[in-house]
Amino acid sequence: GGTDEQKRRAALAAVESVEDGMVVGLGTGSTTAFAIRKLGDLVGSGLDIRGVPTSFAARELAREAGIPLASLDEISAIDLAIDGADQVATSDGALVKGGGAAHAREKIVDAFADEFHVVADPSKLAETLSHSIPVEVLPTARTTVSAAVSDLGGDPVLRRAERKDGPVVTDNGNLVLDCDFGEISDSESLATALSAIPGVVEHGIFVGLADVVYVGTADGVDVVEF
Ligand code: DER
């Protein structure tokens, strides 16, 4: 992964688009965490925003930062969502997300937002997607979904927890299969195929959602628009 300095630069660049009165989607992960902390500082200096967190973790971070929160079901619009990614296809802006197992609510927020800006470091960039795809599944469907993923040419692995015995359980009470498909030449059709599998709650391929990607480098920020 990238350095904290690269992540911080990307995050601060994205925060510059946040204006008074906005409803801001707050992503999950270590890169977006820099944006959440910066927004907290700005709120302390008078910035008037409401944050819509994409996970329990993002909500905790936003509360610590002092950002007024709104829940997804009580807002009618999200002006800007700021979120990270595990991989960014520089060819078409398709993303792999879900490293933090938060991609179900992230996709709702990121897709609903008028603008979705990704914050990343150079280690996330690739010509085409090749990262394993996190697939959130109903617990009862882990075996049937695994079989369907294998039929699609993927290699499904149940995501084990680090500090808990057994598998990772998402904020929604589901399990995650990390599915390696190797190089993904057509992310859109794989996304469609994964969504069609009964028992799949959400997968981590984000096609056609990212509007801008901020890439923090050692001495600046590259901005890629899609
Ligand atoms: O889980 C997610 O989708 C996160 O955005 C993640 O993919 C990026 O996390 P990072 O900024 O810690 O690399």
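Mentor: The model is predicted, with local features needing pLDDT of at least 70, side-chain atom pairs counting only at pLDDT 80 or more, and totals for chains, interfaces and linings using all residues. Residues are numbered from 1 along each chain as its sequence is written, and side-chain values use heavy atoms, without hydrogens and water.

Trainee: Why are α1 and α2 called oblique to each other?

Mentor: Helix α1 (residues 4-15) and α2 pack at an angle of about 50 degrees, with axes 8 Å apart. Angles under 35 degrees count as roughly parallel, over 145 as roughly antiparallel, 65 to 115 as roughly perpendicular, and the rest as oblique. α1 and α2 are therefore oblique.

Trainee: Which residues of α1 and α2 meet?

Mentor: Contact means heavy atoms within 4.5 Å. Asp4, Lys7, Arg8, Ala11, Leu12 and Val15 in α1 meet residues of α2 including Phe34, Lys38 and Leu42. By class, this contact of α1 with α2 has 7 nonpolar, 2 polar and 4 charged residues. Ala, Val, Leu, Ile, Met, Phe, Trp, Tyr, Cys and Pro count as nonpolar, Asp, Glu, Lys and Arg as charged, and the others, Gly among them, as polar.

Trainee: What makes α2 and α3 roughly parallel?

Mentor: The axes of α2 and helix α3 (residues 56-65) cross at roughly 25 degrees and come within 8 Å. On the cut-offs above, α2 and α3 are therefore roughly parallel. Ala33, Ile36, Arg37 and Gly40 in α2 meet Ala58, Leu61, Ala62 and Ala65 in α3. The classes in that contact of α2 with α3 are 6 nonpolar, 1 polar and 1 charged.

Trainee: What makes a space a cavity or a pocket?

Mentor: On a 1 Å grid over the protein atoms alone, a cavity is a set of points where a 1.4 Å probe fits but cannot get out; a pocket is an open set with protein on both sides within 12 Å along at least five of seven lines, and lining residues have an atom within 4 Å of a point. The structure holds 1 cavity of 30 Å³ or more, and the largest cavity has a volume of about 40 Å³. Among the residues lining the largest cavity are Thr54, Arg105 and Asp171.

Trainee: How much space lies in the largest pocket, and which helix gives the most to its lining?

Mentor: The largest pocket holds about 190 Å³. Of its 17 lining residues, Thr28, Gly29, Ala85, Asp86 and Gly100 are the closest to the centre. Helix α2 (residues 30-44) gives the most to that lining, with 3 residues.

Technical notes: Grid points are joined across faces, edges and corners, and a volume is the space filled by probe spheres set on the points. Helices (H or I, at least four residues) and strands (E, at least two) are DSSP runs, numbered from the N terminus. Axes are lines fitted to C-alpha atoms, for helices over the stretch in contact, and angles run from 0 to 180 degrees between N-to-C directions.
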